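Here is a short tour for anyone meeting this protein for the first time. Have the model open as you read, and look up each spot as it comes along.

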Amino acid sequence: MITCSAAAGAAFLITWAVGIFLIPLLHKLKYGQTILDIGPKWHKAKKEGTPTMGGISFILSVSLCFAVGMVVFAFTGTDFSGAGKRELVVSVSGMVMAVLFGFVGFLDDFIKVRKKRNEGLTPIQKIFLQVLIIAAYFATIYISGFASTIITFPGGAQWDMGLFYYPVMGLGILYIVNAVNLTDGIDGLCSSVTVIYAAAFAVISGILGFFGHTLLAFSTAGALLGFLMWNFPPAKVFMGDTGSMFLGGVVCALGVGCKTEFLMVVAGIVYILEALSVLIQTTVFKITKKIHHTKEGKRLFKMTPIHHHFEMSGWSELKIDAVFSLSAAAFGALAVVFALMTYC
């Protein structure tokens, strides 16, 4: 626990310190965010040109603190045989998966800033790369002999999905990674919600005795608190797809790696609803357009993801951050309660 707490503190300081140098560098390189015309009009007026790709700061700090922490565990007598070996393989694989997702996000951001547009990789390119990363993650765990296809529910009920586990959970990871990406739509939102998710999983992984995942959760929470020093409204830098896709990878690495897939859904409900609002909006729009034979279909929300609906309803960014974070905290606490019911 001391190592994890130290990692959180170090991640906070490193992320904050990197921001001091990174933000002016991004300004100098003119790596500013291009805002879509279809978004809230005040976004284009106030946010266009704000440096993006700030997620580099917490990717570096989380990766460094995780690596150093694992070395410290090794030198302080942590047993890396049996269950310890499983934890080593799965947590390191999860960390690598998150970094690779971050790299996909970096490519997306780099294309955007170089071509001065809001679209980088095509959806097909992005999904193809994400599927490869997910497949590599599961392949690594499977080859290492630590694969499990059992889903555990609160109270201890279990469901062995067999080989169906991999495509179903693969789609789940794909959904959540992109859902976290969608949550990064206003200043501080994705950062604050993910701090809470990471805190919840710091407790859950601690209950399970998973030292690697506990270290990852603590490091992520600390790093994001450091990033919020720069990303809190009004943001001086955006995390970009670089940061949000990395965080999506961390969210899944913690939930799937700890074999607490159900708890991942509970604690990550804000991400899930953000993406679901987009799917609902698109479906309603297409169906009503077809039914009424018009060029424009009906919209259930003023704009999606749903945080934009509230923004266009007059909510301030601070109010949205607070309400969504409190919601995340409530469901994160519920996930912890479920973990205590199941594993204690």
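## Two cis peptide bonds

Pro234 sits in the loop between helix H8 (211-231) and helix H9 (240-257). Helices here are DSSP runs (H or I, at least four residues), numbered from the N terminus. The peptide bond that joins Pro233 and Pro234 is cis, with omega at about -10°. Keep in mind that this is a predicted model, where local features need pLDDT of at least 70, side-chain atom pairs count only at pLDDT 80 or more, and totals for chains, interfaces and linings use all residues. Residues are numbered from 1 along each chain as its sequence is written, and side-chain values use heavy atoms, with hydrogens and water left out.

Another cis peptide bond joins Thr304 and Pro305, this time with omega at about 0°. To find Pro305, go to the loop between H11 and helix H12 (306-312).

## Positive phi values

Most residues other than glycine have a negative phi, and most peptide bonds are trans.

Met53 has a positive phi, near 70°, and is not a glycine. You'll find Met53 in the loop between helix H2 (41-47) and H3. Is Met53 buried or exposed? Met53 counts as buried because its relative accessible area is 1%; buried means under 20%, exposed over 50%, and partly exposed in between (1.4 Å probe, protein chains only).

Lys259 also shows a positive phi in a residue other than glycine, near 60°. Its loop runs between H9 and helix H10 (261-267). With a relative accessible area of 16%, Lys259 is buried.

## Salt bridges

Side chains of opposite charge can pair when their charged atoms come close. A salt bridge here is a side-chain nitrogen of Lys or Arg within 4 Å of a carboxyl oxygen of Asp or Glu. By that rule, the count comes to seven salt bridges.

Start with Lys112 and Asp108, whose side chains meet at 3.3 Å, N to O. Both residues lie in helix H4, four residues apart, which is about one turn of the helix. Lys112 is buried at 13% relative accessibility, and Asp108 is buried at 1%. Asp108 also has a salt bridge with Lys126, at 3.2 Å, N to O. Lys126 lies in helix H5 and Asp108 in helix H4, so this pair ties together parts that are 18 residues apart in sequence. Lys126 is buried as well, at 14% relative accessibility.

Which residues are linked in a network of salt bridges? They are Asp108, Lys112, Lys126 and Asp241. Elsewhere, Arg299 pairs with Glu296 in a salt bridge, and their closest N and O atoms are 3.4 Å apart.

## How H5 meets H6

Two packed helices are described by the angle between their axes and the distance between the axes. Helix H5 (residues 123-143) and helix H6 (residues 165-183) pack at about 130°, with axes 10 Å apart. That makes H5 oblique to H6. The axes are lines fitted to C-alpha atoms, for helices over the stretch in contact, and angles run from 0 to 180 degrees between N-to-C directions. Angles under 35 degrees count as roughly parallel, over 145 as roughly antiparallel, 65 to 115 as roughly perpendicular, and the rest as oblique.

Ser81 is in the loop between helix H3 (55-75) and helix H4 (83-115). At 42% relative accessibility, Ser81 is partly exposed. Ser81 and Ile56 are 25 residues apart in sequence and 33 Å apart in space, C-alpha to C-alpha.

Now look at Thr288 in helix H11. Thr288 and Lys298 are ten residues apart in sequence, yet 5.9 Å apart in space, C-alpha to C-alpha. Thr288 is buried, at 13% relative accessibility.

## A nonpolar surface patch

On the surface, Leu273, Leu276, Leu279, Ile280 and Leu300 form a nonpolar patch, with about 420 Å² of accessible area together. Patches are made of residues with over 30% relative accessible area and no salt bridge; like charges are joined within 9 Å, and nonpolar side chains (Val, Leu, Ile, Met, Phe, Trp, Tyr) within 5 Å. Accessible areas come from the Shrake-Rupley method with a 1.4 Å probe, and for residues, only the protein chains shown count as cover.

Ile280 is partly exposed, with a relative accessible area of 31%.
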